[in-house]
Amino acid sequence: MGIKIAGTGMYVPEKILTNADLEKIVDTSDEWIQTRTGIKERHIADDNIPTSELAYHAALKALEDADVSADEIDLIIVASITTDKAFPSTSCILQSKLGASNAACFDLQAACSGLIYSLETAMYYIRGSKRYNKVLVLGAEKLSSITDWEDRSTCVLFGDGAAALVLERTDGDEECAIIASDLGADGNYGDILHLPAGGSAMPLTAENIGDRMQYLKMGGQEVFKLAVGAMVSSSNKVLEEAGVSRDEVKWLVPHQANYRILKAVASRLKIAEEKVYMNVDRYGNTSAASIGLCLDEMNRGNLVKSGDYVLLTAFGGGLTWGSMLLKWN
Ligand code: ACO
């Protein structure tokens, strides 16, 4: 039994917010944003468009690419920190939009590491039971809905978007597209990247809304340091487990948080910068969607061929991290 990536898809809203646009909203500059983050622009969804709608458009493209119909899907996993509602799950809302009536559904929350956590989960569902042959995995975020547009230290970083992959069981002894993986977390650092209000710990009140507690908070420098260390050690573990050398890696696809983080990770892994796939300049940080946006662009741009090793690595709130070595099918 093998597992292949049968199709990919992505969707970003049409509206683009440039650094010049942000200069009109907060005290910042295109120069500051580009130097510190590499971001030039990001896509922002209209107020009335929920995460499930972004996910829906990405899913349609992935299903078409995989030549799979919605009713063939056995499981939908949506990784997101910006679900439509606390419940029902965004995966259930998406199931209804797609008409994927045979799919079990759940959301998975591992912040920016969510897509890697979800791919690993999907792999074990497929391996563990013949009931799960085709799994739709999404990273989907409307980060603009939890962004504090008065906080220049965070509002310049994030964007909206969704990405989808169809994972499919294959017959025979084919190798699994997922060669090795590593997931980790350290809940002791939960407060350096979090959304304080809106859950059971701090239900929304007029007072905490006044204090802007419904928006994402981040200790940027602390996150930066921990992010680089965690992604490097997790990537090394995966390469070691797979017995694959860094020179054999065709592409490094890190979570697109920030150009400097990506560069630092590549440099510490001794992987040449030309092998690092980056689109953070066009989309900003889209959390769980970011690695999927890269994979879809790489797939559709024919940048990956059968047999190529693609190393994914991510880091996010939780704290969580994860790395995964794919052998492209
Ligand atoms: N425009 C202009 N000046 C700014 C801005 C801005 N948008 N934001 C902050 N500044 C100012 C600060 O006020 C500070 O000014 P001061 O020296 O007068 O106090 C100065 O710039 C430096 O601020 P720092 O926070 O020290 O800037 P730093 O170099 O650390 O860059 C950044 C900030 C880009 C957020 C960086 O820390 C970073 O990239 N951290 C990682 C964050 C990240 O990627 N998180 C995502 C991972 S997890 C996830 O994706 C959810």
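Predicted model: local features only at pLDDT ≥ 70, side-chain atom pairs only at ≥ 80, totals over all residues.
Residues are numbered from 1 along each chain as its sequence is written, and side-chain values use heavy atoms, with hydrogens and water left out.

**View 1. Strand β7 and its two partners.** Let us begin with β7, residues 160-170. Helices (H or I, at least four residues) and strands (E, at least two) are DSSP runs, numbered from the N terminus. Of the 11 residues of β7, 11 are buried, so the strand is largely enclosed by the rest of the structure. Buried here means under 20% relative accessible area, exposed means over 50%, and partly exposed is in between (1.4 Å probe, protein chains only). One side of β7 carries Asp160, Ala162, Ala164, Val166, Glu168 and Thr170, and the other carries Gly161, Ala163, Leu165, Leu167 and Arg169. Strand β1 (residues 2-11) runs antiparallel to β7 and is joined to it by 9 bridges; look for Ile5 opposite Leu167. Strand β6 (residues 134-142) is also antiparallel to β7, again over 9 bridges, and there Glu141 has Gly161 as its bridge partner.

View 2. Stepping back, the open sheet has 5 strands in the order β1-β7-β6-β4-β5, with mixed pairing; two strands pair if DSSP finds at least two bridges between them. At the edges are β1 and β5 (104-108), each pairing on one side only. From one strand to the next, the twist averages 20 degrees. Strand β4 (residues 75-79) runs parallel to β6 through 5 bridges, with Ala79 standing opposite Gly139. Helix α4 (residues 90-98) packs on this sheet and touches β4, β5 and β6, and its direction makes about 130 degrees with that of β4. Axes are lines fitted to C-alpha atoms, for helices over the stretch in contact, and angles run from 0 to 180 degrees between N-to-C directions.

**View 3. The buried side of helix α9.** Which residues of α9 (residues 259-269) are buried? They are Ile261, Leu262, Val265, Ala266 and Leu269. These residues cover an arc of only 130 degrees around the axis, which puts them on the same side of α9; the arc is that of the directions from the helix axis to the C-beta atoms. An α-helix has 3.6 residues a turn, so residues three or four places apart point the same way. The cover over the buried residues of α9 includes α8 (220-242), β11 (249-254) and β12 (309-316). At the start of α9, a side-chain oxygen of Asn258 comes within 2.7 Å of the backbone nitrogen of Arg260. After α9 comes Lys270, with a positive phi near 55 degrees.

View 4. Phe315 belongs to strand β12 and counts as buried, at 4% relative accessibility. Leaving aside neighbours within four places in sequence, Phe315 is in contact (heavy atoms within 4.5 Å) with residues including Cys112, Val223, Leu226, Met231, His255 and Trp321. The C-alpha atoms of Phe315 and Ala288 are separated by 9.8 Å, with the two residues 27 apart along the chain.

View 5. A polar side-chain atom of Asn258 lies 2.3 Å from an oxygen atom of the ligand, and for Asn285 the distance to a ligand oxygen is 2.5 Å. An N or O atom in the side chain of Trp32 is 3.4 Å from a nitrogen atom of the ligand.

View 6. Most residues other than glycine have a negative phi, and most peptide bonds are trans. A cis peptide bond joins Phe87 and Pro88, with omega about 0 degrees; Pro88 is in the loop between β4 and α4. Another cis bond links Gly318 and Leu319, with omega about -15 degrees, and Leu319 lies between β12 and β13 (320-327). Ser287 has a positive phi of about 50 degrees and is buried, with a relative accessible area of 1%, in the loop between α10 (280-283) and α11 (290-300). Asn302 also has a positive phi, near 55 degrees; this residue sits in the loop between α11 and β12 and is exposed, at 64% relative accessibility.

Note on methods:
Polar contact = N/O pair within 3.5 Å; in protein donor to acceptor, adjacent residues only side chain to side chain.
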